[in-house]
Amino acid sequence: MIETHRHGTVLEIKIGNPPVNALSEDVRRGIYQAVQAAQTDDGVSAVVIHGAGRMFSAGADITEFGKPLAEPGLAVVIDAIEASAKPVVAAIHGSALGGGLEVALGAHYRMATASAKLGLPEVALGLLPGAGGTQRLPRLVGIAAALDMIVSGSPISGTKALEIGLLDKVVPEASLVEDAIAYAATIDRPRPTGERAVSFEGGEFDRFAEQNARKIKGLDAPQVCIEAVRAATSLSLAEGQEKERSLFHRLMDGAQSKALRHAFFAERAAAKIDGQPKDVPLRSIAKVGVIGAGTMGGGISMNFLSAGMPVTIVEMAQEALDRGTSLMRKNYEATAAKGRMTSAQVEGALALLTPTLDFNALSECDLIIEAVYENMDVKKEIFARLDGIAKPGAILASNTSYLSVDEIAQATKRPQDVVGLHFFSPANIMKLVEVVRGDKTAPDVLVTGMAIARQIGKVPVVSGVCFGFIGNRMLDPRLEGAMEMLLEGATPDQIDRVSVAFGMPMGPLQMIDLAGVDIGWHRDPTRIESLRDALNAVGRWGQKAGGGFYDYDEKRRHLPSPVASGIIDAFRAKAGVTPRAISDEEIMVRTMHVMVNEGAKILSEGIAQRASDIDVVWIYGYGWPRHTGGPMFWAEQVGLATVVADLERYADRLGDDFSLSPLLVDAARSGRSLDEANAG
């Protein structure tokens, strides 16, 4: 775990706890003992701390989360580093995150490579840096820079860290340790961070809070982080650390941090495939084929191109192919304009793209993803053609969002090679991929599907086969509830306001407008059987048409629509419905609780492996507020018995097809979690 080496009078302390040099109990003890031993060794004049392998340290050992803290705690270790009578230099490469950066802050001097990443990401778990980070960082870089790093949780580069005063030197990675040792040998005294005064101007805190009001609204951790940093301006280091510890425990015991920690571990659990041996070999994926150059096909292709993988994209008509590749370039150039890519990277990615009208060009691809519109006959025709040209062992994937992967697979003589890869729109941005396991999908195909999704920066979740899989199946009762309440007397704004107040990025009717009111429309303006038909018949197809349930201005901001209200009133009158007042509570039950009920059915049917997988789908695919943990975790925090009681109270308004999930009822009555109840 900890190695020490002498280089003349400089003691080298190397942290070696692969893969991320987590600060486990053994690592903390090893650092502490090495620093203490240096104090009484007359042959040591200075100390250098650095990390083995790929990084300095990524911080806390996540396996210790929720367990009683074993001594020495990290704060004790860092205080010992800062109290050292011998100068201590932190030499940073790779990442120094969370507790890893706090160790470096406790050192007297810091150097790093230009590409090193330094950050305090605890806010993402609903926490604050709890080992002196909120007190030492402002003393080094000032209030503004410290607030930016701590409240955002985003890391900065070594180059930026030098610029703001966090580092003393930036050096080449190849000579980092040697340079640090040479530098340490020239230092004649410690320079404790805690003895520095905090430099700040009046109004900095208020200004920061005002500038970031939208980002931090309703979130506990950012507010408390600001409070902790403010303490550094008026308290000694010891007093500030005591305040920091108190605030840390307040957050740790709070509902938001519990939810955010759940989401953190849920994402890692989703990567595991139940019932699958760990040693299943992956299929080699060197070249990818995509069928369809529309919005989804282009977006999917960009993921692979950005990861350095060649893509062959096939269309039926040159115009459609040109339009698709042009949009891909436009999207890349927009990313470059924001400074997230260089022009060379844009050209490098597009150089890997082979656009073609020749379907047979897919014959050398290792993974072929069909991304055409949702029509089973069309998809089966495509897969039958693929069966004749794809090389043996190629993975054949469908991007279908609703249709049966099993039925699609039947169009081939190799159903074991067929899997669903359901990307979410826009596919080049959204992180979720539902990896749909068909009845015949081979284990190595499923494992490879999960691995390739992670390789291109996605968060994959395994789903079984059913209409809509996990996410869209749960979405349906939410949208149906919204449409029914609209007919019964609620306004679009009232329905959507409940979801937005809860923390969703938009309400269900805003979502329909964004996706397109005309999705699935029969295109017959004389056939008015639903509210959506009535809107579609007059061209109110949503944002793209300038109006749907709402009107939209040139910046696509939604506004109440007198036209839509008139259409709704007319349809309501034609249907013989007398409008009534609908409470926010009812809206919550009929748009949110119904999703939990459907999620419980999905879990009991084995479509989802675990309740937390459902949470991951909704956090990454639909913008469910992360600080509530996802729909299933949120329901368990609210109380499953409460959710069931609410659904029973409004059961007569949930439609003839509604039924309570037996699993949800069982868990509510037994007091067990959904996973526990599902396990029997």
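1. Helix 4 (residues 133-141) and helix 11 (residues 237-252) pack with their axes 8 Å apart, at an angle of about 135 degrees. Axes here are lines fitted to C-alpha atoms, for helices over the stretch in contact, and angles run from 0 to 180 degrees between N-to-C directions. That angle makes helix 4 oblique to helix 11; angles under 35 degrees count as roughly parallel, over 145 as roughly antiparallel, 65 to 115 as roughly perpendicular and the rest as oblique. Helices (H or I, at least four residues) and strands (E, at least two) are DSSP runs, numbered from the N terminus.

2. This is a predicted model, in which local features need pLDDT of at least 70 and side-chain atom pairs count only at pLDDT 80 or more, while totals for chains, interfaces and linings use all residues. Residues are numbered from 1 along each chain as its sequence is written, and side-chain values use heavy atoms, with hydrogens and water left out.

3. Which residues make the contact of helix 4 with helix 11? Helix 4 contributes Gly133, Thr134, Gln135, Arg136 and Arg139, and helix 11 contributes Leu237, Gly240, Gln241 and Glu244. Contact means heavy atoms within 4.5 Å. By class, these residues are one nonpolar, five polar and three charged. Ala, Val, Leu, Ile, Met, Phe, Trp, Tyr, Cys and Pro count as nonpolar, Asp, Glu, Lys and Arg as charged, and the others, Gly among them, as polar.

4. On helix 24 the residues are Met588, Met592, His593, Val596, Gly599 and Ala600, and they meet Pro631, Met632, Trp634 and Ala635 in helix 26. This contact has eight nonpolar residues, two polar and no charged.

5. Six strands form an open sheet with mixed pairing, in the order 1-2-3-4-6-9. Two strands pair if DSSP finds at least two bridges between them. Strand 1 (2-7) and strand 9 (169-170) stand at the edges with a single partner strand each, so one side of each has no neighbour in the sheet.

6. Strand 1 and strand 2 (residues 10-15) run antiparallel and are joined by six bridges. Across this pair, His7 stands opposite Val10, and Glu3 stands opposite Lys14. The two strands form a hairpin with two residues between them, and Gly8 in the turn has a positive phi of about 65 degrees.

7. An open sheet of eight strands, again with mixed pairing, has the order 12-11-10-13-14-15-16-17. Its edges are strand 12 (353-356) and strand 17 (459-463); each has a single partner strand, so one side of each is left without a neighbour in the sheet. From one strand to the next, the twist averages 25 degrees.

8. Strand 11 (residues 311-314) and strand 12 run parallel, joined by four bridges. One of the bridge pairs is Thr312 with Thr354 in strand 12. Helix 13 (residues 295-306) packs on this sheet and touches strand 10 (288-291), strand 11, strand 12, strand 13 (367-370) and strand 15 (418-423). The direction of helix 13 makes about 170 degrees with that of strand 11.

9. How many cavities of 30 Å³ or more does a search of the whole structure find? The search finds one. On a 1 Å grid over the protein atoms alone, a cavity is a set of points where a 1.4 Å probe fits but cannot get out, and a pocket is an open set with protein on both sides within 12 Å along at least five of seven lines; lining residues have an atom within 4 Å of a point. Grid points are joined across faces, edges and corners, and a volume is the space filled by probe spheres set on the points.

10. The largest cavity holds about 30 Å³ of space. His262, Ala263, Ala266, Asp615, Val616, Ile619, Tyr620, Arg626 and Gly629 line this cavity. Helix 25 (611-622) and helix 12 (255-270) each supply at least two lining residues, and helix 25 gives the largest share, four residues.

11. The second largest pocket has a volume of about 1400 Å³. It is lined by 48 residues, of which Ala60, Asp61, Phe65, Leu127 and Phe248 are the closest to its centre. The lining divides into 25 nonpolar, nine polar and 14 charged residues.
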